[in-house]
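The sequence and the structure come next, and the description follows.

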Amino acid sequence: MAKHEQAGQGTGSITLNDNSRQLQLELPVLKATQGPDVIDVRGLYRDAGYFTYDPGFTSTASCDSAITFIDGEKGILLHRGYSIETLAENSDFLEVAYLLLFGELPTEQQRAVFDEEIATHTMVDEQLIRFYNGFRRDAHPMAIMVGVVGALSAFYHDSLDIHDPDQRHIASMRLIAKMPTIAAMAYKYTRGQPFVYPRNELGYAENFLRMMFSVPAEDYRSNPVLSQALDRIFILHADHEQNASTSTVRLAGSSQANPFACIAAGIASLWGPAHGGANEAVLKMLMEIGSKDRIGEYIARARDKNDPFRLMGFGHRVYKNHDPRARVLRESAHAVLREMGSEEQPLFELALELERMALEDDYFIERKLFPNVDFYSGIILRAMGFPVSMFTVLFALARTAGWVSQWNEMISEPVQRIGRPRQRYIGYGPREFIPRDKRG
Ligand code: ACO
């Protein structure tokens, strides 16, 4: 697919009619290779004195990107042109990280070099480890992640020059490689258990599981079913176009902030329940429903306009057909649940029944509400033994691949401009200052 042959300036134009000013303006249309073309409004303020108004950026393209494409109507998610289903089926997380970063799937040799590079950077500076002691034991692991990842800037001075491609490369490797170590340490700290150092002969997910769940008092045996399922979860969360946290990374990076600080900003954004926290809400909901005979009651509540309750894990701002990631995860859930035995089975069966009933319900059909990625991920992660507080941390770990790729793409552009949105001002005009004793 010759994407660059198709992208570029189109012949189309848009005419703006403002009757009060009798204004007609032609704006160029830039062609996309997939999805909607964009209206180039950069000259709008200069030529006509208007800003565009788009709170929440529902219709605004903030950048050019060749990394990820989503067609929400058709339920398509592509990374560098490869469908997420194909990647989940045939690839692994590090290969997807390579693809996101460098644009192509690696050859055998490129992959070996990449693995070696990642392995070289899995450890963190011993001094950094002391940071953990400064946190309360009951700190949320995401609070630790924001702090410790930001603090990497204070340790790796040799990879802070964003204008040097080699330094950008090393910073990217460091972030992808160290994130599992930092995340597992955040968990171990809150548990009061000793930190476990990385083992570079293990796969990415396998190594992370070992750092999370092994203790010095016992031998640790890897479970390939769980490692593979976790690797899949990482693939499915690796990138998702210009979402809130990715846009945060880009905006922070646009001021030429260093990459560690930018990724810490992304983690902060991801922490919000509207972004990374929905799988936790799904679990809470399933536990509240409790048994299959109460599903009908909760579906009725979701349909009721006077009840604020929503079926968590259903619906998506972008996907209006199906969330392709949810389909893949449904399979993984079966595999993990089979492996982990019966304890989690009732919750999973409850989820399957809820899904079945909702998908047959007119309300959900009419509104195109389908299970999203969060519907299954919480169930799988819980069955693997992850506490709920770690769910968003795992998301951040995987999304780091996307964040660094998007950040690199932005910094590699020939022209750098600081991100600076405008506003529609709705406050007072200029007014007189009144001394305090005269106010009342
Ligand atoms: N349960 C019941 N009704 C719903 C749900 C739901 N989960 N989601 C949407 N609806 C209804 C709305 O009430 C609305 O109905 P109306 O047209 O009669 O007023 C209609 O469907 C459209 O809903 P919007 O809120 O306009 O859809 P939007 O695209 O803005 O919202 C969102 C998407 C926020 C994800 C929503 O579907 C939701 O709240 N889902 C539950 C939370 C959730 O699972 N979030 C995770 C998202 S995935 C992710 O972030 C990785």
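The lining of the largest cavity divides into three nonpolar, five polar and three charged residues. In these classes, Ala, Val, Leu, Ile, Met, Phe, Trp, Tyr, Cys and Pro count as nonpolar, Asp, Glu, Lys and Arg as charged, and the others, Gly among them, as polar. The residues in question are Gly315, His316, Tyr319, Lys320, Asn321, His322, Asp323, Lys368, Phe370, Pro371 and Asn372.

The model is predicted: local features need pLDDT of at least 70, side-chain atom pairs count only at pLDDT 80 or more, and totals for chains, interfaces and linings use all residues. Residues are numbered from 1 along each chain as its sequence is written, and side-chain values use heavy atoms, with hydrogens and water left out.

**Cavities and a pocket**

On a 1 Å grid over the protein atoms alone, a cavity is a set of points where a 1.4 Å probe fits but cannot get out, while a pocket is an open set with protein on both sides within 12 Å along at least five of seven lines; lining residues have an atom within 4 Å of a point. Grid points are joined across faces, edges and corners, and a volume is the space filled by probe spheres set on the points. By this rule there are two cavities of 30 Å³ or more.

| Space | Volume | Lining by class |
|---|---|---|
| Largest cavity | about 50 Å³ | three nonpolar, five polar, three charged |
| Second largest cavity | about 30 Å³ | five nonpolar, two polar, no charged |
| Second largest pocket | about 220 Å³ | nine nonpolar, five polar, five charged |

The second largest cavity is lined by Ile233, His237, Asn279, Leu381, Phe391, Leu394 and Phe395. Helix H19 (residues 391–411) supplies the largest share of that lining, three residues. Helices (H or I, at least four residues) and strands (E, at least two) are DSSP runs, numbered from the N terminus.

Two or more lining residues come from each of helix H4 (93–102), helix H5 (108–120), helix H8 (165–191) and helix H9 (204–213). The largest share, four residues, belongs to H5.

Strands of a sheet pair through backbone hydrogen bonds, either parallel or antiparallel. Here an open sheet of three strands has the order S4-S5-S6, with antiparallel pairing. S4 and S6 are the edge strands, as each pairs on one side only. Two strands count as paired if DSSP finds at least two bridges between them.

Strand S4 (residues 68–71) and strand S5 (residues 76–79) are joined by four bridges, and one of the bridged pairs is Asp71 with Ile76 of S5. Their hairpin has four residues between the strands, and Gly75 there takes a positive phi near 70 degrees.

Leu78 has Ser83 as its bridge partner in S6, and His79 has Tyr82. The hairpin of S5 and S6 has two residues between the strands.

Most residues other than glycine have a negative phi, and most peptide bonds are trans. Which residue in the loop between S5 and S6 goes against this pattern? Arg80 is found in that loop and has a positive phi of about 50 degrees although it is not a glycine. Arg80 is partly exposed, with a relative accessible area of 21%. The scale used is that buried means under 20% relative accessible area, exposed over 50%, and partly exposed in between (1.4 Å probe, protein chains only).

Phe57 also has a positive phi of about 50 degrees without being a glycine. Phe57 lies in the loop between helix H2 (44–48) and S4, and is exposed, with a relative accessible area of 56%.

**Helix H14**

In helix H14 (residues 295–303), the buried residues are Ile295, Tyr298, Ile299 and Ala302. Seen down the axis of H14, these residues fall within an arc of 100 degrees, so they line one face of the helix. The arc is that of the directions from the helix axis to the C-beta atoms. Among the elements that cover the buried residues are helix H13 (278–289), helix H16 (345–359) and helix H17 (362–366), where contact means heavy atoms within 4.5 Å.
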